[in-house]
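This report goes through selected local features of one protein model. Please look over the sequence and the structure before reading on.

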Amino acid sequence: MDAISAHQVVIVCGETGSGKTTQLPKIALALGRGKLNAEPGKGRLIGHTQPRRIAASSVAKRIAEELKTPLGDVVGFKVRFQDRLSRDASVKLMTDGILLAETQTDPLLKAYDTLIIDEAHERSLNIDFLLGYLREILPRRPDLKVIVTSATIDADRFAQHFASAKGPAPTIMVSGRTFPVEQRYRPFEESREHDLNDAIADAVDELWRDPHNAGDILIFLPGEREIREAADHLRRHVSHQPLFRSAEVLPLFARLSGPEQDRIFESHNGRRIVLATNVAETSLTVPGIRYVIDTGTARVKRYSFRSKVEQLLVEPISQAAANQRAGRCGRVANGICIRLYDEKDFDGRPRFTDPEILRSSLAGVILRMKSLRLGDVARFPFLEAPSPRAIADGYQLLNELGAVDDANELTQTGAELSRLPLDPRVGRMILEARARGALEEVLIIASALSVQDVRDRPMEAQQQADQAHSKFDDEKSEFSGYLRLWKWIADARGGHGDTQKLSNRQYEQLLRQNFINIRRVREWRDIHSQLLTVVTEHKWRINGEPAGYEPLHLSMLSGLLGNIGWKLEDDEAYLGARGIKFYKHPGAHLKKKPGRWIVAAELVETTRLFGRGVANIEPQWLEQVAGHLLKKQLLDPHWEKKGAQVSALERATLYGLVVYSGRRVDFTKVDPIAAREIFIREALVAGQWETKFAFLQANRKLVREVEGLEHKSRRQDVLVDDELIFAFYDAQLPADVASGISFESWYRPASRDQPRLLFLTRDELMRHQAAGITTQSFPATMRLGGVDCAATYLHEPGDAKDGLTVSVPLFVLNQVSEERCEWLVTGMLKDKIQALLKSLPQRPRSRLVPLPESASKLAEELSAPEAFGAGSLTDVLLKRVRDMTSIDVKRADFKLDMLPPHLFMNLRVIDEHGRQLGMGRNLGALKAELGAQARGAFQALAGLNVKASPEKKAAAPEDGAKASSKVATAPAPAALPAGQRYTAWTFGELPELMEVRRGAQSLIGFPALRDEGDAVTIEVFDEPAVAAAKHRAGLRRLFALQLKDALKYLEKNIPDLQKMSVAYMPLGTSEELRTQIIDVAIDRAFLQEPLPTDEFAFKKRLEEGRGRLTLIANEVARLASTILVEYAAAARKIKDTKIQPEAVQDAAQQLQRLVGKRFIADAPWTQLQHFARYLKAIVLRLDKLRADPARDAAKLAELKPQDQRYWRLVAERKGVVDDRMLEFRWLLEELRVSFFAQELRTPQPVSVKRLDKAWAQLQA
């Protein structure tokens, strides 16, 4: 009493059970404090705070009993939603939260003359805030006495906190009425065979081994799950112990139903084991406890600043908490405490549990400080200052709720929130519900979220409970489920309409049957009632009509923005704010799976991070309630033709989650300067505006013309660059013109005064004049194959269309001449000639310097109409160069592969609709790919309109080239009978050329006989080579039809046919061999050039060849026999050679390509003479292989590149082989003889170098 009288602040330190809680208010009364000792109407209260409501009410009852006064008269209590205090009461028990709430209406706490802050060692957030707040106001309230009590020895911190000029606040130590407690350390090593539950069972055995030790045991465990597991284990364990088989095992945790909790405090006779969480450390005193088993862990709530969630983590407890637990068994007698960890572990633990302020969100504290104008939270005199990170996190939550702005100043919403004695999140929901007409529903849901779920789920009846609760479940929202549950609870009582109202007992029975916790229902109603009181005090109207899903969930969402989630693909998880990942809680009360976007009432981390109380939301709602938090990013500002404006794509994220993306916004409103620049560059300079303004169309046309000059001259310095055109528009457009609408508003009146406003001139667009660019030099069309084809020009090195591109109709493709393509157009001739001259060897090139002048002179001569396009450009240039240099320059000296691609004509093959079928600079490759289609298209055209050429010289197939064919002089029919079959020459003269008309243009066709087996027909072809090949086969058939008897004789009298057939067997049948020999014999007897073109010439040739047919057939047979003998030898040798597989494989491939099924008919007769030598070379090569494999390998390495590139070209051209390719093919065979069988000699010198030259000519 002396200390309290002498000092403003006193610290009282004593363990639980010392009586400080009940005696200190009485001491204050004895000192004359409180209303009891003052004049009526003038006294003040003795305030006494407790951390828990149950403690406040029970302490008030106990003191009232000791003072022998009714509860509420002298001593009363006020806790959340319950007030038992008369107007003249002197001692007011309350929770620390109540006192904290009163600071808003009574900042200096003038209602009190004494304040007792009890259980300060718990260091809850409210207690720390009160202690700091009291220190602030004490200088302004010198009459106020403050008594701080603590159950631990950490009193120095409180004493220093309230230090004054006289020094630290005095500390008074109070001893408790406790018995000695023996500490036993029993650490265990967890393994598969021995876990925590086994260690607990061992400790129970140790304590109850002596029959005299019959006291109850209190076991501390971290959580409900661990308690249930340990209880099951212990029940099984004690059932096998004779001494304590009947022992009772009871759990104790916060979620237990009322009756289950009451069982703990009921008197009993036998032994009892109570398994409890840390709720039994200080708040609840379990009677009859003699022994404590401490596992040393507890679930501690920690706030994660990273994920913004409360985490319930299992952590080792502090020394102070361990001592509190041990003290629980020293109340009634000497006690024993078994700690399931060692003493070293105990000594290494922190002395005290971390204050809640260091592991909590500070949003509520900051909000209250802001409303009380207590200044900067970082400077507030907390007992332990929170970290800057925690403060920043608190501000972040308030910013999320819209309670503070970006400068951390209180907003109007924040000011309203601070007046609500509620959690800031709940307060924010209520404010939003007020605006959206959803107050009734949100008050129900918010109060439900403030209490434990009223739905019980006992371990032994989980399925029945789930079934009973399913009627409350909603498809989309657990919040809506709370409304259903609330309505059911209200309706279950009855008394509405015709229904009879249930008695209290019947009502409670109904709730129990549906597994609804009665005590929690009352608490839910109390909280709802108090929230309703708050709303009523503010005169806010409750909505008369039920709120829809959207306004209700928008209201909830406003307070839970940090708890939104977006469903990940192929995963049950949701991506939450700031990159966290959480899952729907397994016990969620929903009929269906949650949607793509959800909000959770809370995020709690246990084994995983779970979202509890989830509901489906729409992402567009986030804009309405979280507009101040959205991080918006503008991407890709661009000109939009359709809207005639500059737009950007907006992307909005909330805490890293994309709320929307790709939303078009008017960029003019965001950045008018940048928008104006884009408008000028894209709409006006680039011409990306579809408008009818004359200036824009005229300027575009002018730009295209100048660009065309650039492409033709292959210079990029004719057109001024875009910057100068931009500067032209920029100088004339007003600063506020940045869209189609604003431009039109300005331009229409302005152009009336200046009709030529914004018109560019040709001089303004050109840096210099492009000399020599005429339509004659660069025509828009070119005549190819007798048809005018469109020509375009492009200067874009690397582009597929760089240079000259000619669009060739498909039906004319096979008539396009490679020679004409070489010439390009006269405007490009000088550049091509100069490039060809530059590719020459140094000696002839040196006689042509300066090359530009020589090229100009030659181009001028060859551009003359009579010279341009006549023959091959390379051949013409070769002759001129020889004349100019007097050097025997070879065709291969022109290195065509050194020329840039744009100096070769690019042919674009199109169908009748203008669609591209193929494109390239290699005419042979295009014909190989599309030749068959082209032939079909031509013949379809020829079938519609086929006329014989007039009896004058036919039109040449190419402009400038002279027709090498003559038209037959005999009268020709008006039209060839297409498809008619002939067995003799009865169709008159067959012209070499025919005219096929397409509109105003003429094409040249080539008629030919076609072999039909037992007759011939006449067809028109588009290529002379194809026509010639078909005609030879048809003519052969026509001769054979006249020689039936002679051929029958030949078939029976071919020498050595049977012997030859055996050798030919791997390739084909005897009949196929005989047919080839006779066909070749007919060719050599009757088909010498010139071929007959009329009936007279045909009959004359028939008589001339009839007599020598047998001799020729015998000659062919002898050659075939020789080749087949050598073929058999080579095949045998290849099969028998087992070394050097690469060489053997190469020889086998050579043999296969050389001797095919139709080798006699397909090989030219001159080359067939060499086949035996080629085959002997294979045998000789393999004979030498064993003696010198290295030489063979070296030669093969030289040969292979030549061989591969030829056969690759054959594949590219789809088997179509021209004369130059055939020449290269037979050079390859001669090179093989030269490499591997020199003794057989070659008709002419051959080397790799010579093949390279031949290849260069072939590629040209």
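A residue is called buried when its relative accessible area is under 20%, exposed when the area is over 50%, and partly exposed in between, using a 1.4 Å probe and protein chains only. The model is predicted: local features need a pLDDT of at least 70, side-chain atom pairs count only at pLDDT 80 or more, and totals for chains, interfaces and linings use all residues. Residues are numbered from 1 along each chain as its sequence is written, and side-chain values use heavy atoms, with hydrogens and water left out.

**Confidence**

The pLDDT is the predictor's confidence in each residue, on a scale from 0 to 100. Its average over the protein is 86, and 92% of the residues score at least 70. In residues 945-975 the pLDDT is below 50, and this stretch has 52 contacts in the model beyond near neighbours in sequence. A contact means heavy atoms within 4.5 Å.

**A buried loop residue and a buried helix**

Helices (H or I, at least four residues) and strands (E, at least two) are DSSP runs, numbered from the N terminus. S839 sits in the loop between α30 (826-838) and α31 (842-846). With a relative accessible area of 5%, S839 is buried. Apart from neighbours within four places in sequence, S839 touches D893, F894, K895 and M898.

Helix α21 covers residues 549-558, and it is largely enclosed by the rest of the structure because 7 of its 10 residues are buried. The buried residues of α21 are L552, H553, L554, S555, M556, L557 and S558.

**Two helix pairs**

Two packed helices are described by the angle between their axes and the distance between the axes. Here the axes are lines fitted to C-alpha atoms, for helices over the stretch in contact, and angles run from 0 to 180 degrees between N-to-C directions. Angles under 35 degrees count as roughly parallel, over 145 as roughly antiparallel, 65 to 115 as roughly perpendicular, and the rest as oblique.

The axes of α32 (residues 851-862) and α33 (residues 873-885) come within 12 Å and cross at roughly 125 degrees. α32 is therefore oblique to α33. On the side of α32 the contact is made by L858, E861 and L862, and on the side of α33 by L873, V876, L877, R880 and M884. These residues divide into 6 nonpolar, no polar and 2 charged. In this division Ala, Val, Leu, Ile, Met, Phe, Trp, Tyr, Cys and Pro count as nonpolar, Asp, Glu, Lys and Arg as charged, and the others, Gly among them, as polar.

For α45 (residues 1189-1212) and α46 (residues 1219-1236), the axes come within 11 Å and cross at roughly 170 degrees. α45 is therefore roughly antiparallel to α46. Their contact residues divide into 12 nonpolar, 1 polar and 8 charged.

**Backbone exceptions**

Most residues other than glycine have a negative phi, and most peptide bonds are trans.

| Cis peptide bond | Omega |
|---|---|
| V849 to P850 | near -5 degrees |
| E1089 to P1090 | about -10 degrees |

P850 is in the loop between α31 and α32. P1090 belongs to the loop between α38 (1070-1086) and α39 (1095-1106).

K68 is not a glycine, yet has a positive phi of about 55 degrees. K68 lies between α3 (53-67) and β3 (75-79), in a loop, and is exposed, with a relative accessible area of 75%. R123, also not a glycine, has a positive phi of about 50 degrees. The loop that holds R123 runs between β6 (112-117) and α5 (125-137). R123 counts as buried, at 5% relative accessibility.
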